[in-house]
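User: I'd like to go through this one and hear what stands behind each label. Could you set the values against the definitions as we go?

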Amino acid sequence: MTPGGGSGPMKDCEYSQISTHSSLSPMESPHKKKKAAPKRKWEVFPGRNKFFCNGRIMMARQTGVFYLTLVLILVTSGLFFAFDCPYLSEKITPAIPAVGGILFFFVMGTLLRTSFSDPGVLPRATPDEAADLERQIDIANGSSSGGYRPPPRTKEVIINGQTVKLKYCFTCKIFRPPRASHCSLCDNCVERFDHHCPWVGNCVGKRNYRFFYMFILSLSFLTVFIFAFVITHVILRSQQAGFLNALKDSPASVLEAVVCFFSVWSIVGLSGFHTYLISSNQTTNEDIKGSWSNKRGKENYNPYSYGNIFTNCCAALCGPISPSLIDRRGFIQPDTPQPAAPSNGITMYGATQSQSNMCDQDQCIQSTKFVLQAAATPLLQSEPSITSEELPLPGKTTIGAPCATLTLGQPTPPSSMPNLTSETGLTDMIPLKEEHEGHQFLTPEEAPSPPGMLPAGSPITHSHTMHVLSLASQDSLHEDSVRGLVKLSSV
């Protein structure tokens with residue numbers, strides 16, 4: 001530090017100090033932090049869906065074609081009501097715009113009801129349910145948890161005398177109920193799955209099929225209605241001013257006629273196809289796969305059909321709507337534990353085995369520390385303790401070898417142990433080195449006693465100042481040394 005400049009660096013140091021007084025201790029932080037608001041289930045929904053209005057609206061993620069559907073319906077109907085209906089209501093009847101308005105609102109209502117509702121998504125299995133199902137699968141296959149388990153694909157149930165296979169979904173971890181299927185776009189299992197329709201931006205299943213059918217049926221009527229009265233409008237104008245002048249006077253009618261002409265064929269054909277499916281109580285998925293086709297065998301028939309077209313239509317369009325099973329607006333309980341479901345028994349066994357090995361290692365280290373402390377019962381206060389490398393015991397393993405089971409506590413010498421109180425027995429069992437790193441190790445008889453226990457005029461032996469021990473202190477020191485050596489030899 002330069003003279004005269006001491007105050008500057010000190011000020012810099014003061015400014016650069018980090019204050020730790022504002023940090024909260026672990027005991028204070030839970031009380032001072034605000035509690036997070038509980039989340040709803042739609043916020044952590046595992047499927048690929050979009051939710052709006054706090055979970056009330058549920059759609060697929062791919063909604064681009066749905067917006068195209070909205071634009072086509074709104075633009076075509078808007079042009080019809082703006083440019084054609086005034087002329088038609090004046091020349092023919094005011095009922096034309098009224099009927100057109102009813103059809104338009106019915107089409108929009110059924111479209112939004114189909115697009116914004118739950119099609120019948122099946123909830124995925126919880127970790128506990130998935131683990132229980134895995135155990136049932138292992139028992140059914142007769143395979144152990146540690147070996148290879150062939151994945152089961154199906155279960156068979158009998159419905160109205162027909163054998164129906166239930167497929168296992170590896171994504172949802174459930175056996176799908178009859179007529180259910182997993183949608184690859186929404187990543188959900190849907191009950192009575194019909195198909196995924198990009199035009200409505202959602203799957204079509206058990207809970208919204210009737211609205212989808214009413215949508216395409218009413219849209220067919222609306223398309224035919226608009227196309228018919230647009231042509232009527234052009235014909236009436238062409239009778240007064242000619243065909244070309246009629247097109248110039250109402251160019252919107254040309255656009256409407258083109259859109260309706262190319263749309264009516266697909267919409268009407270789709271309505272007819274689903275009318276056939278409803279009358280036979282089938283789904284699009286079953287019809288494409290040919291699940292109940294006679295080509296598979298004479299005994300193959302549709303077990304879900306009532307055998308009557310009218311009854312099948314009433315069951316599909318007039319039956320009760322089942323409630324949603326996913327409870328997307330319900331709250332998540334934060335205190336509920338969420339254990340991870342084991343994929344197989346190997347993972348859990350490996351974790352248990354590693355934990356037991358760690359416990360064995362901890363016990364081994366603690367036992368070794370105890371042995372070293374017992375073996376290092378000070379023979380000399382100023383001399384280093386004897387390690388295992390300096391005391392090789394014949395017929396015994398060293399501390400570096402695998403640790404054996406050690407019982408903690410004060411060990412007692414066995415009856416077969418030779419008398420180690422004499423100098424001869426001790427030197428026979430443990431060959432001491434005379435010199436180690438410039439120090440001289442002493443036998444228990446030569447070890448000094450603690451200060452304050454030495455008699456006056458004690459003799460000096462070897463190169464160090466040694467004191468003669470009393471009889472009681474010698475016996476105590478011998479006993480401690482024997483215990484430490486026996487404990488060290490057992491390692």
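**Confidence, cysteines, cores and helices**

Analyst: In the protein chain, the element with the lowest mean pLDDT (41) is helix 12 (residues 423-429), and the one with the highest (97) is strand 9 (residues 202-204). Here pLDDT is the predictor's confidence in each residue, from 0 to 100, while helices (H or I, at least four residues) and strands (E, at least two) are DSSP runs, numbered from the N terminus. This is a predicted model, where local features need pLDDT of at least 70, side-chain atom pairs count only at pLDDT 80 or more, and totals for chains, interfaces and linings use all residues. Residues are numbered from 1 along each chain as its sequence is written, and side-chain values use heavy atoms, with hydrogens and water left out.

User: What does the protein chain average in pLDDT?

Analyst: The average is 73, and 58% of the residues score at least 70. Over residues 337-361 the pLDDT is below 50, and that stretch has 12 contacts in the model beyond near neighbours in sequence. A contact means heavy atoms within 4.5 Å. Residues 449-472 also stay under 50, with 34 contacts beyond four places in sequence. Where pLDDT is low, the predicted coordinates should not be read in detail.

User: What makes cysteine 197 count as buried, and what makes cysteine 318 count as exposed?

Analyst: Buried means under 20% relative accessible area, exposed over 50%, and partly exposed in between (1.4 Å probe, protein chains only). Cysteine 197 comes in at 7%, so it is buried. Cysteine 318 has 61%, so it is exposed.

User: Which residues touch the most other members in the largest nonpolar core?

Analyst: Ile73, Phe80, Leu111 and Phe215 do, in a core of 33 residues. A nonpolar core is a set of buried Ala, Val, Leu, Ile, Met, Phe, Trp, Tyr and Cys residues joined through side-chain atoms within 4.5 Å. Two or more residues come from each of strand 2 (57-60), helix 3 (64-91), helix 4 (95-115), helix 6 (209-241) and helix 8 (251-280). Helix 6 gives the most, with 10 residues. Isoleucine 73, residues up to four places away in sequence aside, touches Phe104, Val107, Met108, Leu111, Phe215 and Leu219. Apart from this core lies another, of eight residues, including Leu122, Ala125, Ile174 and Ala180.

User: How do you know that the span of helix 4 agrees with its 21 residues?

Analyst: The expected span of a helix is 1.5 Å times one less than its number of residues. For helix 4 that should be 30 Å, and its end C-alpha atoms are 30 Å apart, so the two agree. Helix 3, with 28 residues, should span 40 Å, and its end C-alpha atoms are 40 Å apart, so that agrees as well.

User: Where does helix 3 bend?

Analyst: At aspartate 84, by about 50°, with proline 86 following within four residues. The bend at a residue is the angle between axes fitted to the seven residues ending there and the seven starting there. Aspartate 84 is among the buried residues of helix 3, which pack against strand 2, helix 4, helix 6 and helix 8.

User: Why is asparagine 54 called partly exposed?

Analyst: Its relative accessible area is 31%, so it falls in the middle class. Asparagine 54 lies in the loop between strand 1 (49-52) and strand 2. Neighbours within four places in sequence aside, it is in contact with Arg40, Trp42 and Arg329.
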